[in-house]
Amino acid sequence: MASNTSDQKSPNVVQELSPDLGASLTRKPAEPHPTGRVKYNGFVQFVRMLLFITWFNACCVNIHITQMFGAPLYFFNKDWYHAYMAITKQSFALLITTITQWFSPTVIRVSGDQSVRGQIKQNKDGRLETDFPERLIMIANHQLYTDFIYLWWISYTNKMHGHIYIILKESLKWVPFIGPGMMFYGFVFMARNWTKDKPRLKHRLKQLKGRHSGPLSGSQDLDPMWLMIFPEGTNLSANTRKGSAKWAAKQGINDLQHQLLPRSTGFQFCLQELKGTVDWVYDCTTAYEGIPRGGYGQDYFTLRSTYFQGRPPKSVNLYWRRFPVSSIPVDDVKAFEQWVNKVWLEKEGLLEYYVQNGRFPDADEGQDLSKGADAPKGAGFIETEVRLAHWYESGSIFIFMAVYALIANILAKVWNFVIYETMAGVAVKAAT
């Protein structure tokens, strides 16, 4: 006899049939939603969407036009050009910080092991401050499309948000305004074809080893640089999980449960090319509260649910470690692959600990992180939120365009005055 239980709906189940605007075109009704029912009704969602689109697009168009105005600096003074583009990069960091603060406020919990003690602080008004070095390579697991937003915000807390560089999928290069803007930022676009990717990556890394003496050039001989890499190559989903499982079978190793298996070729090449100019690799393990075991964040935290429905993650958890580059077998392909896999196994242990305990451990030096829930418990994390240091910073996004508009207005008035005076003089002469 067929059961009728499938036709009964639990009162705790929140139905959602919207497409996943953040990751894929369709999504399963993955319920119950970890943050509960929809906070805003349809009309309020529509208003929030209009406000979001207006602010985001206005800022993106403004930033890109600002970049276009500054592009000729490249042919006259490269130091000033790089400083100018760093300021526009700061503007985009302010943009993604404001949309997170205004449309999807959530709790951020930041912790780390002994290697980053003293580098993660909280000031008197509750904001996060980090004291990471000016040059580093940042690696992270890739849970959601929003990962880069929180990591870019971390650079904002370190006043390095104008010097971050991200390795991205090549398809993003063709997104209107955003794609060309990212090219001005010096981001690296990868086609996932090493024959094509290697020369363009080599060219970009050579530039990242350059020295400039202009504004925003940092306190060291080398330019400031935070290079962000997601060794998994893409975010975790049902489809990418299949690819990871196939890769694991091909390599004769076990697949991971909370992450995708990392690829080491591009990461190793970056370390080789930047050898002698970067001392540290910083690793961030990211976890979003509410994603059930075996679930995928993109099935819950879409653009619509996160920014319009008022259902962002209840908390975003970031666990930091760092490794001296001198301790990494950069020049040995096999040994480096084993090192990366070991790091990802440790991250897997951290994520398992998080799933079981609802937080990351405050690890002591020498702790075996691969033990997951059996790891010794610590006490201590910083609980904060994504927000600007000062409300008026959002206005600085438009400062260049305001200056250009002012200059254009003055020139127009001067031009009109000159033309008027000239024509008036001609008229007087003609009359006499």
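Biologist: Which residue is the bridge partner of Ile 167 in S6?

Modeller: The partner is Val 188. Please keep in mind that this is a predicted model.

Biologist: How many bridges do S5 and S6 share, and in which sense do they pair, parallel or antiparallel?

Modeller: S5 and S6 pair over three bridges, in the parallel sense. S5 also runs parallel to strand S7, residues 225–229, and three bridges join these two. Within that pairing, Ile 166 is opposite Met 228 of S7.

Biologist: Is strand S5 mostly covered or mostly open?

Modeller: Mostly covered. S5 spans residues 164–169, and five of its six residues are buried.

Biologist: And where is Phe 187 found?

Modeller: Phe 187 is in the loop between helix H4 (178–184) and strand S6 (188–190). Its relative accessible area is 6%, so Phe 187 is buried. The C-alpha atoms of Phe 187 and Ile 164 are 8.6 Å apart, while 23 residues separate the two along the chain.

Biologist: Let us move to S8. Why is S8 described as largely enclosed by the rest of the structure?

Modeller: Because eight of the nine residues of S8 are buried.

Biologist: How many bridges join S8 to S4, and how many to S9?

Modeller: S4 and S8 run parallel and are joined by four bridges. S8 and strand S9, residues 315–324, are antiparallel and pair over nine bridges. As examples, Met 138 has Tyr 282 in S8 as its bridge partner, and Thr 285 is opposite Tyr 319 in S9.

Biologist: Aromatics next. How many aromatic pairs does a search of the whole structure find?

Modeller: The search finds 28 aromatic pairs. One of them is formed by Phe 132 and Tyr 282, a tilted pair with 4.5 Å from centre to centre and 35° between the planes. Phe 132 lies in the loop between strand S3 (128–130) and strand S4 (135–140), whereas Tyr 282 is in strand S8 (residues 280–288), so this pair ties together parts that are 150 residues apart in sequence.

Biologist: Are Phe 132 and Tyr 282 buried or exposed?

Modeller: Both Phe 132 and Tyr 282 are buried.

Biologist: Which residues make up the aromatic cluster with Phe 52?

Modeller: Phe 52 forms one aromatic cluster with Phe 56, Phe 103, Tyr 307 and Phe 308.

Biologist: Which ring does the charged end of Arg 263 sit over?

Modeller: The charged end of Arg 263 sits over the ring of Trp 247, at 4.0 Å from its centre.

Biologist: Changing topic: how many salt bridges does the count come to?

Modeller: The count comes to 14 salt bridges. One of them joins Glu 273 and Lys 202, whose closest N and O atoms are 3.4 Å apart. This pair links distant parts of the chain, with Glu 273 in helix H7 (residues 265–273) and Lys 202 in helix H5 (residues 194–208), 71 residues apart.

Biologist: How accessible are Glu 273 and Lys 202?

Modeller: Glu 273 is buried, at a relative accessible area of 16%. Lys 202 has 42% relative accessibility and therefore counts as partly exposed.

Biologist: Which residue does Arg 321 meet in a salt bridge?

Modeller: Arg 321 meets Asp 283, at 3.0 Å from N to O. The two belong to distant parts of the chain, Arg 321 being in strand S9 and Asp 283 in strand S8, 38 residues apart. Both Arg 321 and Asp 283 are buried.

Biologist: What other residues are in the salt-bridge network with Asp 283 and Arg 321?

Modeller: The network also links Lys 342, Glu 346 and Lys 347. As another example of a salt bridge, Arg 387 pairs with Glu 385, the closest N and O atoms being 3.1 Å apart. Glu 385 is partly exposed, at 39% relative accessibility.

Biologist: Finally, the surface. Which residues form the nonpolar patch there?

Modeller: The patch consists of Phe 43, Phe 46, Val 47, Leu 50 and Leu 51, which together have about 490 Å² of accessible area. Leu 50 is in helix H1, residues 42–70, and its relative accessibility of 41% makes Leu 50 partly exposed.

Key: Residues numbered from 1 in each chain as written. Predicted model: local features only at pLDDT ≥ 70, side-chain atom pairs only at ≥ 80, totals over all residues. Heavy atoms only, no water. Phe/Tyr/Trp six-rings, centres within 6.5 Å; stacked < 30°, edge-to-face > 60°. Buried < 20%, exposed > 50% of the residue type's maximum accessible area, 1.4 Å probe, protein only. Lys NZ or Arg CZ within 6 Å of the ring centre and 35° of its normal. Pairing = 2+ DSSP bridges. Patch = residues over 30% accessible without salt bridge, like charges linked within 9 Å, V, L, I, M, F, W, Y side chains within 5 Å. Areas by Shrake-Rupley, 256 points an atom, 1.4 Å probe, with all protein chains shown as cover. Salt bridge = Lys/Arg side-chain N within 4 Å of Asp/Glu carboxyl O.
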